[in-house]
Amino acid sequence: MPDVTRPGAVTLSLTLMNEDNAEQGVIRLLRAAAHTAGPGGRLPSVRTIMAELRVSPVTVQHAMRRLTAEGVIEVRASKGAYAATRQPAPEVPDLEWQSVALGAKPPGDESLPDLLAMPGPEMVPMSGGYLDPELQPVAALGAALGRASRRPEAWARGPVEGREELRAWFARQAGGAFRAGDMVVCPGGQAALSTAFRALTAPGDTLLVEAPTYLGAIATARSGGLRVVAVPADADGVRPDLLAAAFAHTGAKVFYCQPLYANPHGAVLSRERRLEVLAVLAEHGAFLIEDDFARDLVIDGAPPPPLAADDVHGHVIYLRSLTKTAAPGLRVAAIGARGAAGARLRTARVLDDFFVAGPLQLAALEFLSSPAWQRHLKSLRPALKARRDALLSALATELPQLRPVTIPTGGMQAWVRLPDGVDDLALTSAAAAHGVVVSPGRGWYAADPPAPHLRLTFAGAPPEVLIDGVRRLADAAAAVGIPAG
């Protein structure tokens, strides 16, 4: 549940949202009135608008100022508001020239924009990558941002690598492998990935990834001109024998990996394979980018320490983000490396945006050092468990022919195997037509998928909504010819 230590923060947020909605209502009324009255026509008075929409005079004045700036209305002293005598003529833009100027479309992946699209309120969200708003500590984050914004140093230029205390916190999360000076703060995990790929590779190089893996990593690598080669993974994580073969065959020097609750398939790299993977890295003089995005999203048991904690000689580059654990708007992450790799990462970050906004960094520190952080983590485990269990139970009842590859012990999603011959894109489209948004499996593979899958997010909606979503998915499955269980 959201933190309620500062109920006033929630009230203020709702008040501001209501005021903004009221102003939009006034703007719509005045636009319609100006269209009806014609150029120079008189518009309703402030008093009339207040009575009709039940808004304050300040709200009406704000709306009038905006429309005056746009040239839609004119306000005459002591006489009121009138439709502008010359309404701005809408110009139909001709943007076709841009296709010629830009040339061929750069490589990338169309699945990422689809994944980030905001589903309508009538849709059941089972494709996103963030916590249900009910699970986000919004009140505590608002209170932390309020405290941070009042500190003068929040608005001053800070170190390009990020605030020392924040870098120290991220360094501790890596299990003692790094110092604060090894870390650099980034505006979210996606930005950190982009920095790492650019700093450690050159266009035309090969990047090894798990199969399947986070489609945002695939898209970012391809947009940077990298050749992405997939290494198969199973329930125990990436296969070390195939990883060694991939390094030898391609000459790659970087491997992107999620050892804990991997997205999308949920695997945790086993203890035996951790040691084997590190040995492969040492043999080939290569780096592993450890994306530890889900460390706090534990459901069952205790997670193993980061892979970086077992790395002695600087092969592992560690990435940790707060976005998944807290809220999408907390765009704070860090990436760390030792030696020359660390220096390259820090240089690359400076070229991107100098530094992450000071108020956001200090708000993250305020939140992480407050009791609300630990309360939030404590509440997440049972909440995620309830949602996971609701999803799996509903699948077993409504769609037993869709089998989870593993029972996720953490993270946000279940990776579901579809029957042979089923088109995952067709099922995804049918699901949308039935009011549920799911993610087709093929976008999570850097090569041809070996079988059809769906990724079903359970962290983005309450249990009862997930159950309804599975029922809708069952109707969609029937529509594309998947027989009932």
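These legends walk through a predicted model, starting with the whole chain and moving on to close-up views.

Because this is a predicted model, local features need pLDDT of at least 70 and side-chain atom pairs count only at pLDDT 80 or more, while totals for chains, interfaces and linings use all residues. Residues are numbered from 1 along each chain as its sequence is written, and side-chain values use heavy atoms, with hydrogens and water left out.

**View 1. The whole protein, for orientation.**
You're looking at 16 helices and 16 strands; both are DSSP runs numbered from the N terminus, with helices being H or I of at least four residues and strands being E of at least two. The C-alpha trace spans about 80 × 60 × 55 Å along its principal axes. Of the 485 residues, 50% count as buried (under 20% relative accessible area, with exposed over 50% and partly exposed in between, using a 1.4 Å probe and protein chains only). Take the contacts (heavy atoms within 4.5 Å) between residues at least 6 apart in sequence: 74% of them join residues at least 24 apart.

P212 belongs to the loop between β5 (206–211) and α9 (215–223). The other runs from N263 to P264, again cis, with omega near 20°. For P264, look in the loop between β8 (254–257) and α11 (271–284).

R54 isn't a glycine, yet its phi is positive, at about 55°. You'll find R54 in the loop between α2 (46–53) and α3 (57–69), and with 78% relative accessibility it counts as exposed. Y261 isn't a glycine either, and its phi is also positive, at about 50°.

A search of the whole structure turns up 6 aromatic pairs, meaning rings of Phe, Tyr and Trp (its six-membered ring) with centres within 6.5 Å; planes under 30 degrees apart are stacked, over 60 edge-to-face and the rest tilted. One of them is F197 with Y256, an edge-to-face pair at 6.3 Å centre to centre and 85° between the planes. F197 is in helix α8 (residues 189–200) and Y256 in strand β8, so the pair ties together parts that are 59 residues apart in sequence. Both partners are buried: F197 has 4% relative accessibility, and Y256 has 0%.

**View 2. A cluster of four aromatic residues.**
Here W169, F170, F367 and W373 come together as one aromatic cluster.

**View 3. Arginines over aromatic rings.**
A charge sits over a ring if NZ of Lys or CZ of Arg is within 6 Å of the ring centre and within 35 degrees of the ring normal. In one case, the charged end of R76 sits over the ring of Y82, 3.9 Å from its centre. In another, R338 lies over the face of F178, at 5.9 Å from the ring centre.
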